[in-house]
Amino acid sequence: MTKLLRPLLVLFVLLLAAPAVQAQFYQTPGPTSPTSKDEVQLYQTPDGKLSGRVSIPDEKLGVLVQPEGREWREFRMVWLKIIAGALILGPIAVLAIFYLIRGTIRIHGGRSGRPVPRFSGMDRFAHWTTAVSFLLMALTGLILTFGRMLLIPLIGHPNFTMLAEASKYMHNFFSVPFVLGLLMIFVLWVRDNIPEKADLVWLKTLGGVLSKSGEHPEAGRFNAGQKGVFWAVVFGGFALSLTGFLLMMPFAVTGIGGMQILHVAHGVVAALMIALIIGHIYIGTIGMEGAFDAMGSGVVDENWAKDHHRRWYEEQLRNGQANQDGRLRHHAAE
Amino acid sequence: MARMKFLCDAERCIECNACVTACKNEHDIPWGINRRRVITLKDGVPGERSISMACMHCNDPPCAAVCPVDCFYQTADGVVLHSKDLCIGCGYCFYACPFGAPQYPQATNFGGRGKMDKCTFCTGGPEADNTMEEYQKYGTNRLAEGKLPLCAEMCSTRALMAGDGEVLADIYKERTVRRGYGSGAWGWSTAYGQNDRGDAFSPGREGTGGS
C-alpha cells in the first residue's frame, strides 16, 4: 500500500508546486505571485555559484557569481598570515632558545688547520644561485603578503606601491635563476643523497645533537638531516616553481578556482620552505663552528670533517683528496 | 545620502548588449577589457535569464580587502573606486571578486597584467573631477556632472537600473507586484547581504585619495 501511496503523494506535491515552477520558468503570474511590495523577494538567498554564457571572447566572464572568492579571501587575509607568521617567528624563537642552551656546536678538539676540500666551485655556484634567488623571492613575497599591514603605516601608500611593484618584478624574474640553481643542485648532489641504513641511526640520535660528549653518528658526504633538507628543497622548490610559473601565466591552464588553489599551495609551501631554510641558515652559520667554510671557501677543517662526516672523510683519504699531512690537492672538479 | 547600486531586472533584460557597448564607447575601453558584460543563464532552455553584470560596488568589497597595496576606496555615495597610480596589477582582486569585475590589460609577455580596470559607476577616480588625467585613466565622470551611469541610462527595456539602492529596490518591487513574477535582484545578497546593507566601508577615507 505504501509503495503505491508514495509516488502518488509525490505527484500530488509536484502538481501543487507546478504553478510556481511555471511562473519561474515562463514569466507568467500565478497563485504564488506577490500581492504587495513587502512580499517581493529582493535578496535571493543564497547566491550560489552561477555561470552561464557570454557572447564576448573571455569565457571565464561567463561566471556570474563565484562564492569561492570568499574562502580565498579568508585564506589570504587570515590563514596565510597566521601560517607564514608562525612558520617564520616559530623557528626563530625555537632556535634562539636552542642557541642559548646549546650555544655554537664546537669542533671536537678544535681546528686542526688541515683543509679538506668539500664543495667545488660548481657546487657552490649552484648553492648560492639557488640561495640568493630563494632569499630574494622570500623577501619580496613577504613584502607583498605583509606589506600592507606592516609597511604602509611606515612609508605611506605611494612609496609602498613602488616597493611592491619592484617586489613583483623581482619575484617573477628571480624564479629563473632559482630553477636553474635547483636543477644544478639536483644533478650535482642527488647521488650522495640517496637514503641509506646509516641514516636511521643518525635520525634516532638526532645527529648526536643531544649527546653531551659531542659524539656524532657516522655519516657519508651528507648526513640524514642534510638529505632531508636536500629532498625538501628539491620537492618544495619544484612545487614552488610549478605553482609560481602557473601564477605568472594567469588562466593559461586553469580557471579562477585553480588560480585560487595555486595561490594557496604556493603560499603554504613557501612558508614551509622559509621555516626550513631558517633552520638551514642557523646550522650553517652561528649554529655550528666550521660549517660555513663548506659553502664559503669550499674547504672544511679536517677535524670538522672527522666530527660530522667521518665516513666521507675516510673516503676522501682513500681517494687522495685529503691526507694526514694536510697538503691540499686539487679537487678534480675544479 | 544616496547609496549607489546597480539592479538588473532579469525578467526585462533581452541580452541586447547595449549596456556593454555604451560602457566601452563612453570610457574608451581598450580591446579585451570588459567592465560590463551580459551573462545568459540556462541558455536556450526554459527559465533562461540574461543579466547585465559589472562591479556591484559591494558593502564589504573583497577586492579592497585582499589588495596588497591598499589601492581601493569608497566614495560617500558607496561607489568602490581604485587608484591606478597605486595598483601593481597583481590580480588578487580578480581572485576575490565574486562577480569577475576586475579586468587587466596584458602588459608583458607570459600574460603579465597591467593596472587593473573596472566599472567606476561612471565616477572616475581619485584625480580631480572631469580632468583629462582622470578621463585617460578611468573614463568619464558622469556622476560629477549630475548624470547616472550610461549603461543604465541606455537600457532600452529599463532592465538595468543604476542609482540610489532604496529607489531601485522600490521600483523593482512595484514592477514585480504589477507583473506577478520576478527572480530577485541578482547579486544583491552577495554584494550587500553579508554586512550592514547600505553602509559604505570607509567613505572618503584619506590616504588613497578618497573623494
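User: A residue is buried if 20 or more other C-beta atoms, placed from the backbone, lie within 10 Å of its own, exposed if 12 or fewer, and partly exposed in between. What percentage of the 334 residues in chain A is buried?

Analyst: Good place to start! This is a predicted model, where local features need pLDDT of at least 70 and side-chain atom pairs count only at pLDDT 80 or more, while totals for chains, interfaces and linings use all residues. Residues are numbered from 1 along each chain as its sequence is written, and chains are lettered from A and ligands numbered from 1 in the order in which they are written. Of the 334 residues in chain A, the buried share is 26%.

User: How many helices and strands does chain A have?

Analyst: Both come from DSSP runs numbered from the N terminus: helices are H or I with at least four residues, and strands are E with at least two. Counted that way, chain A has 12 helices and five strands.

User: At what angle do the axes of helix 2 and helix 9 of chain A cross?

Analyst: Axes are lines fitted to C-alpha atoms, for helices over the stretch in contact, and angles run from 0 to 180 degrees between N-to-C directions. Angles under 35 degrees count as roughly parallel, over 145 as roughly antiparallel, 65 to 115 as roughly perpendicular and the rest as oblique. Helix 2 and helix 9 of chain A are therefore roughly parallel to each other. Their axes come within 9 Å, and the crossing angle is roughly 5°.

User: Which residue in strand 2 of chain B stands opposite Arg53(A)?

Analyst: Two strands pair if DSSP finds at least two bridges between them. Strand 2 of chain A pairs with strand 2 (residues 37-41) of chain B over two bridges, in the antiparallel sense. These strands belong to an open sheet of three strands in the order 2(A)-2(B)-3(B). Opposite Arg53(A) stands Thr40(B).

User: Which helix of chain B gives the most residues to the side that touches chain A?

Analyst: Two residues are in contact if their C-beta atoms, placed from the backbone, lie within 7 Å. On that basis, 52 residues of chain B are in contact with 59 residues of chain A. The elements of chain B that give two or more residues to this side include strand 2, strand 3 and helix 7 (188-191). With seven residues, the one that gives the most is helix 6 of chain B.
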